[in-house]
Amino acid sequence: MTPEFQFLPPQASTLSSEVDALFFFVLGISIVFSGLIFLAVVFFSIRYRRKSDSDAPEQIDGSLLLELTWTIVPFLICLVMFAWGAKIFFENSRPPVAAEGIEILVTGKQWMWKVQHPDGTREINELHIPIGRPITLTMTSEDVIHSFFIPAFRTKMDVLPGRYTSLWFEATKEGKFHLFCAEYCGTKHSEMIGWVHVMQPHEYESWLGGGSGGESAVAAGERLFSELGCVSCHSGESGSRGPDLAGLYGKTEELASGGSVKVDESYLRESILSPLSKVTEGFEPVMPTYQGLVDEMGIMRLIAYVKSLSDLEGAEGE
Ligand code: CUA
């Protein structure tokens, strides 16, 4: 098999063509101006060479017009690059509303990618997704910094221990695409690779059906919630020792120490691992830490469960 030379990886997501257009714009501008500068250097060195020993050039004391031109033109070009880049950056960093897409959990670990689909199907170093649906990855690391990189989708995000990052994309092309770890993470960093399989939606459904499947992230979270005894304090009944978790996700809570915090993935994670750092007002600092009792995937499942409590609340209110 002779590998075909490819200047760029295939374009396989909604973002790809936008990123490439900007890349070629910046590349084009750079080539044009490099060319102009080289031509000017050659031209001036011939045109204004010293023709004899007594040859002295005419003195120029500056030209306002010239200086304004070479300041304003590049400035405007840079503004275009900035605005265009910012537009793509914002699109890329704001996942579409969760309801439209699929949220997949990813944990990086020396040296593999662990993936869990919403129905509980798990896979390692592979990511199966349907074409034409926005996919949001919620990612964390069990050890060091990794980086989730899919060149064909033109998207990459660092995966950090102790916090969540997210990445979203919508595939536009069926097939098999490379997945890399793009942050040096130890001896086998170069082996921390895999494949993204983009399939037709019905193929994805049947793939899910045939997978290890079983328990969904929410169900696994609910099971952990009772196994770990969370339910004894967070029962939601009045007089409970811990806050009621139903409808909590997405709210802003007042803290006992003053100030407030938005209840998001990171806050829930912090509250599981280091419960005393931000105690909700009206409650005693009595919750023990669950550090070491539950792994990163477990925490993500607990969070998925807590989030599902809010979805229910929202649905009931409609
Ligand atoms: Cu993980 Cu490099």
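1. A polar contact is taken here as a pair of N or O atoms within 3.5 Å, where, within protein, one must be able to donate a hydrogen and the other to accept it. The model is a predicted one. In it, the side chain of Ser-13 reaches the backbone oxygen of Phe-153 at 3.0 Å.

2. As to its place in the chain, Ser-13 belongs to the segment before helix H1, which spans 14–47. Once neighbours within four places in sequence are set aside, the residues in contact with Ser-13 are Ala-152, Phe-153, Glu-170, Ala-171 and Thr-172.

3. Is Ser-13 buried or exposed? Its relative accessible area is 5%, and the limit for a buried residue is under 20%, so Ser-13 counts as buried.

4. Turning to the whole chain, the model contains 7 helices and 12 strands. The radius of gyration is 27 Å, well over the 20 Å that the globule rule gives for 318 residues, and the chain is therefore more spread out than a compact globule. Along the principal axes, the C-alpha atoms fill a box of roughly 100 × 60 × 45 Å.

5. Of the 318 residues, 36% count as buried. Among contacts between residues at least 6 apart in sequence, 65% join residues at least 24 apart.

6. The accessible surface of the chain is about 18,900 Å², and 61% of it belongs to carbon and sulfur atoms.

Conventions:
Residues are numbered from 1 along each chain as its sequence is written. This is a predicted model: local features need pLDDT of at least 70, side-chain atom pairs count only at pLDDT 80 or more; totals for chains, interfaces and linings use all residues. Side-chain values use heavy atoms; hydrogens and water are left out. Helices (H or I, at least four residues) and strands (E, at least two) are DSSP runs, numbered from the N terminus. The radius of gyration is taken over C-alpha atoms; the globule rule is 2.2 Å times the number of residues to the power 0.38. Buried means under 20% relative accessible area, exposed over 50%, partly exposed in between (1.4 Å probe, protein chains only). Contact means heavy atoms within 4.5 Å. Accessible areas come from the Shrake-Rupley method with a 1.4 Å probe; for residues, only the protein chains shown count as cover.
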